[in-house]
Amino acid sequence: MSHSLATDAPYPPLDGPGVNSESSSVTEDDLELKALGYVPSFKREFSNLATISFAFSIMGVCSSVATTFNTPLLLGGPASVTWCWLIGSCMCLTLGASIAEIVSAFPTCGGMYTAAGRLVPIRHRPIVGWVVGWTSVLAQIAGLSSTEFGLANMIWSAVGVAYDGNYDVTPGKVVGLFAGLLMVHGLLNSFATRHLARFTTYFVFVNIGTTIVIIIVLLATTHRSEMHPASYVFGTAGIINGTGGWNTGIAFLLGLLSVQWTMTDYDATAHISEEVRRAAYAAPSAIFIAVIGTGIMGWLLNIVLVLCSGPLEDLVGAESAFLEIMALRMGKPVALFLWAFVCLTAFFVAQTGLQAGSRTIFAFSRDRGFPDRGYFGRVSPSTKTPLRAIWLTTITSVLPGLLDLASPIATNAIFALTAIAFDLSYIAPIFLRRLYRNHPEVIFKPGPFYMGDGIFGWAVNIACISWTLFVCVIFSLPNVLPATAQNMNYAAPITVGVIMLSGIWYLVGGWRFYKGPISGIDQGSAEDLRGRGEKEA
C-alpha cells in the first residue's frame, strides 16, 4: 500500500503530461509525486539494484576510510580507530533508520529539505524550508568538495609512494587535479539518466570487492608475529593521545570523524528518488541496507588495518597511513595496484555525490529557493537531467578546495563541515515531526518504511538526535592544541555563519520569492509547474 502526505487540505490534481511523454500511463510513483505538489520531470531508470548500489557508493567504505584514516589513528590512537567506528556506525544506524522513515513518506529529490518544510505549521514553512534548504546546499557542496579533494590527495599519495617520497607535491598540483576531477564528474553527470543508472549498478561490486580483497591480502601478507596484540587494537595500549593538548578522552572521540564523514549523505538516495522505480520502497530500503553494510565492512577493514599497521611512529607524517600500511605488508607494486581500485571507489563516491548534490540544487531552485526564477530548477529536454544544476554544483564545489592554496590545514575543516552540515539538516525534520505531531496543520502520513509511534520509534529518533548534537560539538573542536589561526577548525563557524546569513537574507528579501516547498495549492499553477520540467529556457 502506498502512502502520501496529508497537509492542511488535499492537493488538487495536476493534469497534463507525466514524467515521460513517451509513456501513455502514469506510474504510482508519479501520482505520489503529484500528490506532494510536483509534476514529474525525470525518467525513472534506477532499478532496485542500481538504487542500492548508489546508496553504497555514496559512502564508499574503503575509499572513505582511506581518506580519513589518519585522523583517528594519529589523534586518538589505534583503539580510537576500531572503537569509534563501531560506536559511530551503531549510532549512525539510528539516524539512517530515522532518515529512511522520512524519505519513505517524502520520496522527492528535495529529500530531507522538502520534509522539513512540510512538517511544520503553514506559517513556519517558508523560514524552516529556507534554513534547512541552505544547510542542505552547504552540506552537498562541502561533501562533494571534500570527496574530490580526498581523491586528489589519494592519487598524489600513490605518486609519492611510487617515487619513494622523492616527488614534490605542491598545493597547486593538488588543487589543479582536484578541479580537473570535478570537471570530469560534471561531464559524466551530464549523461542521460538511463546511462547514469547503468554506470551506478556496477559501483557496489567494485566498492565491496575492493574492501574484501584488501582485507584478505593484508591478513595473508602479514606474519602472525608481526600483528599487533588485542590490547593494542582494542585495549588501553592502543589509546595514544596525539593532539598535543586535549585530554585523552577528547583525543579518543576525535576519531569519530572517520565514521561520521563516511556515513554522510544518507539521503542521497532520496535526491534521486524521482528517478527511482517504486521510490517509497526502494529508496529507504537502500539507505538502511547501505548503512548496515558499510558499518560492518568498515569495522572489519579498520580492525585489519590496525592489526597489520606496524610501528605507529613510522606512520606519523605519512600522507596516507592507509597506503603506507598496504605498501609495508603487500609490497609497493601490489599496494599501488589495489590502491588504484580504492581511488576508483572514491571516483564513484564523487560521481554519486555530484548527482545527489545537483538534485538538491534543482529541488531548491524548483521551489524558488534561489533568486533565479527557477532557472536551475529545469531539466534538459535531451537528457532529462538538470544540466544547469549539475554545472552550478560542479563549479561551486571548486571553491572550498581553493583553501588548500592558503592553508592546507584549513582544508581539513571541509571534512568536519560536511558531517556537521549534513547531520543538522537530517535531524531537523526528525525533530519537527515529533514536535508538531499533534498540530492540526501537520499530519504525517508514513510511507512503507515506518518504525511506528511506539516506544521503539521514539527511542530511535531521540537517540539519533542526541548523538548528532553530540558529534557536532566534537567536530567543532580544533584537532590539535594550541589552536592558532592556521590550525583552527572553521567548520562550526562556517556552518553557523551560513545558517545565520541565510536567515538574515530571508528576512531582508528572501521572503519575497520563497514561499516554502511548493504544493499544488500554495504556489504556482499547474501550467507553471508543468512548464518547469518541459524544456530548458
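A cavity is a set of points, on a 1 Å grid over the protein atoms alone, where a 1.4 Å probe fits but cannot get out. This is a predicted model, in which local features need pLDDT of at least 70, side-chain atom pairs count only at pLDDT 80 or more, and totals for chains, interfaces and linings use all residues. Residues are numbered from 1 along each chain as its sequence is written, and side-chain values use heavy atoms, with hydrogens and water left out.

**Exercise 1. Describe the largest cavity and its lining.**

Step 1. Start with the count: there are 4 cavities of 30 Å³ or more.

Step 2. Take the largest cavity. It holds about 130 Å³ of space, a volume being the space filled by probe spheres set on the points.

Step 3. Find its lining (residues with an atom within 4 Å of a point). It has 16 residues, with I58, G143, T147, T264 and V349 nearest the centre.

Step 4. Assign elements. Two or more lining residues come from each of α7 (125-162), α13 (256-262), α17 (332-366) and α21 (412-435). Helices are DSSP runs (H or I, at least four residues) numbered from the N terminus. α7 gives the largest share, 5 residues.

Step 5. Sort by type: 6 nonpolar, 9 polar and 1 charged. Gly counts as polar here.

**Exercise 2. Find which residues F475 touches beyond its neighbours within four places in sequence.**

Step 1. Apply the contact rule: heavy atoms within 4.5 Å.

Step 2. Read off the partners of F475: L256, L257, Q260, A416, A419, I420, N489 and A491.

**Exercise 3. List the buried residues of α1 (28-35).**

Step 1. Use the cut-off: buried means under 20% relative accessible area (1.4 Å probe, protein chains only).

Step 2. D29, D30, E32, L33 and K34 are buried.

Step 3. Their cover includes α15 (279-307).

Conventions:
1 Å grid on protein atoms, 1.4 Å probe; cavity = no way out; pocket = protein on both sides within 12 Å on 5 of 7 lines; lining within 4 Å. Buried < 20%, exposed > 50% of the residue type's maximum accessible area, 1.4 Å probe, protein only.
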